Amino acid sequence: MKPFRSSSSSLLSPMAAAVTVVAVSIILSATAVPPVAAATVEHTFVVSQVNMTHMCNEIPVTVVNGQLPGPTIEVTEGDTVIVHVVNKSPYNLTIHWHGVYQMRNCWNDGVPMVTQRPIRPNGNFTYQFDVAGQEGTLWWHAHDAFLRGTIYGALIIRPRNGAASYPFPKPHKEIPILIGEWWEKDLAAVDRNFSRGLYDEFSSGSTINGKLGDLFNCSGVFEDGYVLDVEPGKTYLLRIINAALFSEYFIKIAGHKFTVVAADSNYVTPYTTDVIVIAPGETMDALVVADAAPGRYYIAAQPIQAPPPDTQTPEFATRGTLQYTGGVTNSSRADVVAPEMPHQHDTIKSFYFHGNLTGLRHRQRARVPARADERLYVTLGLGSICRHGRKSCKRGDEPKSNQLIANMNNVSFHDATATPILEAHYYRRGGNGVVGTAGLPDHPPSAFNYTDPALIPFGPVEMRLEPTSRATVVRRFRHGDVVDIVFQSTAMLQSDSNPMHLHGHDMFVLAQGIGNYDAAKDEAKFNLVNPARKNTVLVPNLGWAAIRFVADNPGAWFMHCHFEFHLAMGMAAVFIVEDGPTPNTSLPPPPPGFMEGSP
Ligand code: C2O
């Protein structure tokens, strides 16, 4: 179901509505001293439109509590989080807690028409979940449509035993760095256009912690940039989140190196590099030592895009400043040292960066199972379907008689229309226990040279590989199944990478490669010793990534590309994990009041 939208602008909410309530109540615990007892952390998120002005343009922006990015939620492992969402915006929306396991708590995962009905304008919804067995950097974002472009924030989980239990030296300070985009558009309308195959919509800039920085100006007035103050010799932990809708980013700080210590809230073997590459949905924690000559240095974020013959889209670099206290704070921009950025087409750098991540000290759900029960090979790409349900149509004249879609194994996802999938599954409402309108095939319908660059331009080679269909795609797994998926990026109409995100589970990244996956030779490369664990796996441009996960969390979990245009165009499926044999392995009923207000 696509979000209903009221055309009324009278719902503009005053800044006064932007009130955060943070109440921390300590739950009684038998042990008094460290480790700290589990707490309940409570927030109120008022979603409303506020006017913001950048580059001489004042526009209404839909945000939480008047802030962009929204509030940071800071908790300790094992805490309970309660967030009351008050929707004062004109849009239907939900909030998703990206990377939170939500063990046996799928009702609180926040995906419209998958786990719940969207929160309507003037409606409320309270989310409640715990963060047991997880620590590191996660985030939250709207999951209805492109709205997540402005509705997002960090979710930071600290270890129960304090910073001393980090598997790296305790940093002097911890700093969230959120990469985003500045959209001068009605994002709900952008979403509708993409889901109808109209895709000519772009952001107007990129941001670090909501700030555009001095690469953007209007009438000679430079935009404010994010400033990180550092003391000489001290170590900082940057918690980097790519909340952008469209691009992977290179991140560099002139004169400084990063040591990556975690990704997607899982520790990794410390890896020192001068450039971080981060895809939408991913988080990277990195230590930075302030060991350069005191002065000012740019922190730069540069989007990546596939080279021609892919269609080139407007992309914007952004930068903030790292500045030493007690150093030269001359106001001239010319004194700031700039890093040399990789080329925007240097996609192979992203491949190597991601290949260098290996796991460290896995906490929960930690051991890599030796073999898989289920094996899927899933192609990711674009395609087209005939409009108005026609079986055949003239190709190449889109958007007239056919429309561009994105798909997994040639099926393009569309939302359930009447009942959210989790509800249909839980109450067996589908008729013969069938939920959704099609299964996700285990293989693409036909084998071809998936990464042949000849497929990128519209034409006969690509057309032969039609048709594509649209459906509410569901794949079932038994509780405890070990699932292997090889994701294959294709050259179908583009050669993008695909950051694939699975809700409710982390995935072990067993291997990745460029070109077509070949089980006979590539399975030997699987890392079953210390693979990185991710909730978002970057499937490289014209390459593949092999993952393994244990389907041990009963519910209906969205699996999708975290490029918002791919998601809006249908690169998604729902994984249903069935109940296990005991109450402890089964999904409890929805929380009281959950269905209230359901149509
Ligand atoms: Cu961060 Cu389903 O998304």
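## Labels and the values behind them

Guide: Let's start with glutamate 231, which is partly exposed at a relative accessible area of 31%. Bear in mind that this is a predicted model.

Visitor: Why is glutamate 231 called partly exposed?

Guide: Buried needs a value under 20% and exposed needs one over 50%. Glutamate 231 has 31%, so it counts as partly exposed. Lysine 234, at 30%, is partly exposed too.

Visitor: What makes lysine 234 and glutamate 231 a salt bridge?

Guide: The cut-off is a side-chain nitrogen of Lys or Arg within 4 Å of a carboxyl oxygen of Asp or Glu. Here the N to O distance is 3.0 Å, so the pair qualifies.

Visitor: And lysine 252 with aspartate 274, how do you know that they form a salt bridge?

Guide: Their closest N and O atoms are 3.5 Å apart, and the limit is 4 Å, so that pair passes as well. Lysine 252 sits in strand β16 and aspartate 274 in the loop between β18 and β19, so the bridge ties together parts 22 residues apart in sequence.

Visitor: Is lysine 252 buried or exposed?

Guide: Buried: its relative accessible area is 12%, and under 20% is what the word asks for.

Visitor: What makes arginine 548 and aspartate 484 a salt bridge?

Guide: The closest N and O atoms are 2.6 Å apart, which is within 4 Å, so the label holds. This pair links distant parts of the chain, with arginine 548 in strand β34 and aspartate 484 in strand β29, 64 residues apart. Arginine 548 has a relative accessible area of 3% and aspartate 484 has 7%, so both are buried by the 20% cut-off.

Visitor: How many salt bridges are there in the whole structure?

Guide: A search finds 21. Shared partners join Glu74, Arg158, Glu174, Arg239 and Asp285 into one network.

Visitor: Back to β16 and β19. How do you know that they pair?

Guide: Pairing takes at least two bridges. Three join β16 to β19, so they pair, and they run antiparallel. Isoleucine 251 stands opposite isoleucine 276 in β19.

Visitor: What makes β19 an edge strand in its sheet?

Guide: The open sheet has five strands in the order β14-β22-β21-β16-β19, with mixed pairing. Both β14 and β19 have a single partner strand, so one side of each is left without a neighbour in the sheet. From one strand to the next, the twist averages 20°. Helix α2 lies across β16 and β19, at about 95° to β19.

Visitor: Why is strand β2 called largely enclosed?

Guide: 13 of its 16 residues are buried, so the rest of the structure largely encloses it. Eight bridges join β2 to β5 in the parallel sense, with threonine 80 in β5 as the bridge partner of threonine 40. Another eight join β2 to β3, running antiparallel, and there serine 48 has valine 63 as its partner. β2 and β3 form a hairpin with two residues between them, and methionine 55 in the turn has a positive phi of about 50°.

Methods. Residues are numbered from 1 along each chain as its sequence is written. This is a predicted model: local features need pLDDT of at least 70, side-chain atom pairs count only at pLDDT 80 or more; totals for chains, interfaces and linings use all residues. Side-chain values use heavy atoms; hydrogens and water are left out. Helices (H or I, at least four residues) and strands (E, at least two) are DSSP runs, numbered from the N terminus. Axes are lines fitted to C-alpha atoms, for helices over the stretch in contact, and angles run from 0 to 180 degrees between N-to-C directions. Contact means heavy atoms within 4.5 Å. Buried means under 20% relative accessible area, exposed over 50%, partly exposed in between (1.4 Å probe, protein chains only).
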